[in-house]
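I opened my notebook to keep track of what I looked up, one topic at a time. The structure goes in first, and my entries come after it.

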Amino acid sequence: MNEAREVTQNAYAPYSNFYVGAVAKLINGEIVAGTNQENASYPVGICAERVLLGNAATLYPGIAIDTIAVSYDGHETKSDHPISPCGMCRQSLLEYESRVNNSIRLILAGQQGKVYILKSARFLLPFAFSKEEMG
Ligand SMILES: [Zn+2]
């Protein structure tokens, strides 16, 4: 969590001023990070969680993620409570769990304050759509 809090400083968030950092510990012990990367063309921006998943899949293909910590720094607002991944990231986290057949423990917190811990991304997205639905 401390690394996730620190890596928020690497986010590119000039539009929202909402700097998000995500750090994963893989089952092989490696650490991978991601930060949100915004763009003047807003839909082009990408969340920290999906940057992290892309980095993990590229650097360590097929290696499961044990834990992901997500934090943020609002710069202009308090960062004193947990945030949870957006719907798109929930879907991506769930599919990552499925593709490596391993639950991802999620630790969610601000720069200070309460910390939420979930045993799996599936608790964030009940009744999820999956590739099995497509036959
Ligand atoms: Zn997201």
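**Ground rules.** I noted that this is a predicted model, in which local features need pLDDT of at least 70 and side-chain atom pairs count only at pLDDT 80 or more, while totals for chains, interfaces and linings use all residues. Residues are numbered from 1 along each chain as its sequence is written, and side-chain values use heavy atoms, with hydrogens and water left out.

**Overall fold.** I looked up the secondary structure and found three helices and five strands, where helices (H or I, at least four residues) and strands (E, at least two) are DSSP runs numbered from the N terminus. Read from the N terminus, the elements follow the order α-β-β-α-β-α-β-β. The radius of gyration is 14 Å, close to the 14 Å that the globule rule gives for 135 residues, so the protein is as compact as a globular protein of that length; the radius is taken over C-alpha atoms, and the rule is 2.2 Å times the number of residues to the power 0.38. Along its principal axes, the C-alpha trace spans about 45 × 30 × 30 Å.

**Burial.** I then checked how much of the protein is covered, and buried residues make up 41% of the 135 residues. Buried means under 20% relative accessible area, exposed means over 50%, and partly exposed is in between (1.4 Å probe, protein chains only).

**Zinc site.** Which residues coordinate the zinc ion? I found Cys47, Cys86 and Cys89, each through its SG atom, at 2.3 Å; donors are N, O and S atoms within 2.8 Å of the metal (3.2 Å for Na, K and Ca), and water is not among the atoms, so sites may look incomplete. The spacing of these donor residues in sequence is C-x38-C-x2-C. Cys47 lies in the loop between strand S2 (31-35) and helix H2 (48-59), and Cys89 in helix H3 (residues 87-100), so this pair ties together parts that are 42 residues apart in sequence. Cys47 counts as partly exposed at 23% relative accessibility, whereas Cys89, at 0%, counts as buried.

**Gly110.** My last entry concerns Gly110, which sits in the loop between strand S4 (105-109) and strand S5 (115-118) and counts as buried at 0% relative accessibility. Leaving aside residues up to four places away in sequence, Gly110 touches Arg5, Ser71, Tyr72, Ser79, His81 and Pro82, where contact means heavy atoms within 4.5 Å. I also noted that Gly110 and Gly74 are 36 residues apart in sequence and 9.1 Å apart in space, C-alpha to C-alpha.
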